[in-house]
Amino acid sequence: MSTPSRFLKPIMPVLAAVYGFMLIYVTAMPMAGGNESLSSHVLTWMLTLAAIALTFVLVRRVEPSIFPEAKQFSLKLPMPAVLLGVLLLAPLWGVAEGYIVYGLTSLIHPVQLEPTTYTPDELREDLLASVHAVLLAPVLEELCYRQLAISPFRRRGAQILVCVVMALLFGILHVRNSLGASIDAMLYGLVFIWTRNIWYAVLLHAGHNLMATLLAVYCMLGLGEIQMSKMPVIILPDTKVIVAAVALAIIGVVLWRDKRTKCED
């Protein structure tokens, strides 16, 4: 191992966290002060796309040249059927994460849940925000907080340790949703380590965020009732949503297993 690699490797998680925080801060600047105009959203999208492009150069060209171990992780997109299968697993995880956070928080203090309602203006704002939350933020955040931080380490134990550290740092960024974000980040990191491919984590992350948007539409259309706490952020869907999430997860597993079996054959 070269001298730069030996020096940089132990601090890569910190560098990746600082780098990710800086990019997230810069891309969020147009929305400062609660500015929800369309132009602000568009500028945020453009800045995030630029940040993703820069980070792709780092993880594809720069990092592997410093840490050859990083080549064990692939940036190649899996087959569409596999990606769809992973995406369909995300709603069930979203349901599970809500109940996990609710249970853990309830051990410390009572959680005040209230029925969620949406006005047309609130839904419009959520839909605009979801473009970033579903299509852009998961790519940038997974590249920074999983790919950049974990891939320099070869041993599984070291990778899991970094995964835990990055999950805690990722949670701190989300303030009101720190516990839920940390739990989510831990899952995304473990999936990344297991699959050796960042796109599985990106799809789970995107699907989780997409579910939150779809639940807003669900409430707005009066199709059911969602219980929510704002501090910490907890979303507990009704029985219909839970049943639908289980059904989608079953389809997702079937798609994943079927495609994997065909590839092995």
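Thr119 counts as partly exposed, at 39% relative accessibility. The model in which this residue was examined is a predicted one. Thr119 is placed in the loop between strand 1 (114-115) and helix 5 (120-150). In sequence, Thr119 and Cys219 are separated by 100 residues, whereas their C-alpha atoms are 9.7 Å apart in space.

Pro64 and Pro152 are 88 residues apart in sequence, and the C-alpha to C-alpha distance between them is 8.1 Å. Pro64 has a relative accessible area of 12% and is therefore buried, the cut-off for this class being under 20%. When its neighbours within four places in sequence are left aside, Pro64 is in contact with Leu58, Val59, Ala70 and Lys71.

Two helix pairs were examined for packing. Helix 6 (residues 156-173) packs against helix 7 (residues 178-195) at an angle of about 155°, and the axes of the two helices are 7 Å apart. Because of this angle, helix 6 is roughly antiparallel to helix 7, a description applied to angles over 145 degrees. The crossing of helix 6 past helix 7 is right-handed. On the helix 6 side, the contact is formed by Arg156, Gln159, Ile160, Cys163, Val164, Ala167, Leu168, Phe170 and Gly171. These residues meet Ser178, Ala181, Ser182, Ala185, Met186, Gly189, Leu190 and Ile193 of helix 7. By class, the contact of helix 6 with helix 7 comprises 11 nonpolar, five polar and one charged residues.

The loop between helix 7 and helix 8 contains Arg196. Arg196 is not a glycine, yet it has a positive phi of about 60°.

Helix 8 (residues 198-220) takes part in the other pair, in which its axis comes within 7 Å of that of helix 4 (residues 80-106) and the two cross at roughly 50°. Helix 4 and helix 8 are therefore oblique to each other. Their crossing is right-handed. Helix 4 contributes Val82, Leu83, Val86, Leu87, Leu89, Ala90, Pro91, Trp93, Gly94, Val95 and Glu97 to the contact. The residues met in helix 8 are Trp199, Tyr200, Leu203, Leu204, Gly207, His208 and Met211. By class, the contact of helix 4 with helix 8 has 14 nonpolar, three polar and one charged residues.

Ser229 is found in strand 2 (residues 227-230). With a relative accessibility of 3%, Ser229 counts as buried. Residues up to four places away in sequence not being counted, Ser229 touches Val111, Gln112, Leu113 and Ile234. The side chain of Ser229 also reaches the backbone oxygen of Pro232, at 2.9 Å. Pro232 is placed in the loop between strand 2 and strand 3 (233-236). The peptide bond leading from Met231 to Pro232 is cis, and its omega is near -5°.

Note on methods:
Residues are numbered from 1 along each chain as its sequence is written. This is a predicted model: local features need pLDDT of at least 70, side-chain atom pairs count only at pLDDT 80 or more; totals for chains, interfaces and linings use all residues. Side-chain values use heavy atoms; hydrogens and water are left out. Axes are lines fitted to C-alpha atoms, for helices over the stretch in contact, and angles run from 0 to 180 degrees between N-to-C directions. Helices (H or I, at least four residues) and strands (E, at least two) are DSSP runs, numbered from the N terminus. Angles under 35 degrees count as roughly parallel, over 145 as roughly antiparallel, 65 to 115 as roughly perpendicular and the rest as oblique. A crossing is left-handed if the near helix is turned anticlockwise from the far one by less than a right angle, and right-handed if clockwise. Contact means heavy atoms within 4.5 Å. Ala, Val, Leu, Ile, Met, Phe, Trp, Tyr, Cys and Pro count as nonpolar, Asp, Glu, Lys and Arg as charged, and the others, Gly among them, as polar. Buried means under 20% relative accessible area, exposed over 50%, partly exposed in between (1.4 Å probe, protein chains only). A polar contact is a pair of N or O atoms within 3.5 Å; within protein, one must be able to donate a hydrogen and the other to accept it, and residues adjacent in sequence count only if both atoms are side-chain atoms.
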